[in-house]
Amino acid sequence: MTGSFRRRGVAAAGVAVALCLAAAACGSTAMMGGDTLTDAKQCAPYQQYLGHAGTKVHVYGSIGDFEANQLQQALRHFGDCTGIDVRYEGSSSFETDVRKRVADGQSPDLAIFPQPGLMKDFIAQGKVKPASAATKANAEKGWSKDWLNYGSVDGKFYAAPLGASVKSLVWYSPKTFAAKGYKVPQSWDEMIALSDKIVADGGKPWCAGIESGDATGWPATDWMEDVTLRLAGPETYDKWVNHQIPFNDPQIAAVTDKVGTILKNPKYVNGGFGGVDSIATTSFQTGGLPILSGKCAMHRQASFYAGQWPRGTKVAEDGDVFAFYFPSIDPAKGKPVLVAGEFVAAFADRPEVQAVQAFMASGEYATNRAALGGWVTANKLVDMKLFTSPVDNLSAEILRDDKTVARFDGSDQMPGSVGAGTFWTGMTAWIKGASTKDTLDSIEASWPKSN
């Protein structure tokens with residue numbers, strides 16, 4: 001599951017973050033001609049969204065804390081200029097709660113889905129509305145066909161991508177590496193050799209944490225997906241994700257065992273926390289922090305982990321922490337990159353809802369958000385100069401590199417009951433001692449028969 005932005009800052013469950021974006025709510029602008037107008041030049045990009053002043057739109061997602069505040073800032077001018085009062089609510093149990101809300105007839109107007117698979121469950125139920133022509137047109141201007149396909153079902157477009165992240169990264173301390181004489185590995189074999197060197201030096205090469213409330217287990221699924229891309233290749237990865245081969249296929253069993261050579265190796269893990277079992281009870285937010293104290297050397301986690309380091313931590317190539325590309329196993333399979341992101345889907349088709357969805361699909365929104373920092377997108381309309389942090393810039397370069405063999409987070413594409421359910425719980429049980437066979441067999445048995 002890698003798209004969930006709970007990973008970058010957990011929102012308190014059920015806590016609403018009200019975005020004061022309309023003149024009626026903020027009292028900061030004047031009403032003219034039925035729409036909110038501030039400075040004419042400032043409002044020029046929002047002309048196509050006018051005509052809905054005084055309306056409200058409820059947006060629901062897993063984005064929390066700092067991320068929610070940044071989302072607010074990126075939408076502020078839109079609300080001031082259009083008069084639409086956008087209210088965002090973030091929940092740390094979004095995947096569970098959104099199902100209940102929809103079942104109870106309390107669907108949000110817009111939902112920001114980190115998992116296309118979960119979103120497609122609602123599309124199959126007829127709950128999600130097809131995107132408007134304006135939303136589709138805005139999305140097509142900035143996003144590649146591959147990204148647009150993740151928001152489509154049977155050729156019909158439902159949801160535009162929002163943000164993006166690179167998951168194939170390993171965090172480390174450049175200062176520690178320099179002091180110890182360690183070099184950033186360029187291949188899997190070099191990474192294992194480095195791990196063995198760190199063990200020989202009396203250290204722990206790896207630290208990890210997969211605890212994440214209702215979503216406990218998702219970081220272990222990321223390991224599975226990254227290694228599947230590297231060991232089995234992108235074609236097999238696609239077949240696995242789409243259940244064209246069973247979840248317990250021998251190739252996936254080999255991947256699981258390969259992951260186990262690190263995550264279930266007591267010599268390698270879990271630096272700063274305890275033994276292998278401690279991975280299951282260590283939160284993903286704190287999982288990599290022992291790098292700062294030298295208790296572990298490496299932590300595999302996505303680009304958004306940059307937001308988890310304590311205030312004052314220098315995140316740069318010459319800083320306290322930085323990241324390197326999770327190296328490939330077989331160079332013949334290219335340079336695989338696991339990516340994640342979110343998609344904005346509509347449960348209502350009122351004009352003001354369509355206006356907000358269309359704007360969030362636009363280059364203007366992406367530019368507004370990127371300018372605030374701490375966020376990455378694969379939207380090609382955003383100027384690369386806006387990605388000012390070293391990690392954001394590294395991620396954007398990887399996302400836009402034509403040589404990258406990118407695949408979206410697998411669990412996020414799977415049916416919600418698997419990708420946001422049994423895959424998480426199965427990997428948690430595996431970390432705690434369940435065998436590879438029992439783990440994969442149980443996940444395979446849980447796959448919806450209609451799929």
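**Figure 1. Salt bridge between Lys314 and Asp318.** Lys314 is partly exposed, with a relative accessible area of 42%, whereas Asp318 is exposed at 53%. Buried stands for under 20% relative accessible area, exposed for over 50%, and partly exposed for what lies in between (1.4 Å probe, protein chains only). The closest N and O atoms of the pair are 3.3 Å apart. A salt bridge is a side-chain nitrogen of Lys or Arg within 4 Å of a carboxyl oxygen of Asp or Glu; by this rule the count is 15. The model is predicted: local features need pLDDT of at least 70, side-chain atom pairs count only at pLDDT 80 or more, and totals for chains, interfaces and linings use all residues. Residues are numbered from 1 along each chain as its sequence is written, and side-chain values use heavy atoms, with hydrogens and water left out.

**Figure 2. Salt bridge between Asp226 and Arg230 in helix α10.** The N to O distance is 2.7 Å. Asp226 and Arg230 are four residues apart in α10, so about one helical turn separates them. Asp226 counts as buried at 0% relative accessibility, and Arg230 counts as buried at 1%. Helices (H or I, at least four residues) and strands (E, at least two) are DSSP runs, numbered from the N terminus.

**Figure 3. Salt-bridge network of Asp109, Arg350 and Glu352.** Glu352 is buried, with a relative accessible area of 10%, while Arg350 is partly exposed at 31%.

**Figure 4. The largest cavity.** Its space is about 60 Å³. On a 1 Å grid over the protein atoms alone, a cavity is a set of points where a 1.4 Å probe fits but cannot get out, and a pocket is an open set with protein on both sides within 12 Å along at least five of seven lines; lining residues have an atom within 4 Å of a point. Grid points are joined across faces, edges and corners, and a volume is the space filled by probe spheres set on the points. Three cavities of 30 Å³ or more are counted. Helix α10 (218-231) gives the largest share of the lining, three residues, and β11 (299-300) also supplies at least two. Among the lining residues are Trp223, Leu263, His299 and Arg300. By class, the lining has eight nonpolar, three polar and one charged residue. Ala, Val, Leu, Ile, Met, Phe, Trp, Tyr, Cys and Pro count as nonpolar, Asp, Glu, Lys and Arg as charged, and the others, Gly among them, as polar.

**Figure 5. The second largest cavity.** The volume is about 50 Å³. Its lining consists of Ile63, Glu67, Leu71, Leu162, Glu342, Tyr365, Arg369 and Trp375. Five lining residues are nonpolar, none is polar and three are charged.

**Figure 6. The largest pocket.** The pocket has a volume of about 970 Å³. It is lined by 34 residues, and the closest to its centre are Asp146, Asn149, Tyr150, Phe408 and Gln413. Elements giving two or more residues to the lining include α7 (145-150) and β14 (404-408). The largest share, five residues, comes from α5. The lining has 17 nonpolar, eight polar and nine charged residues.
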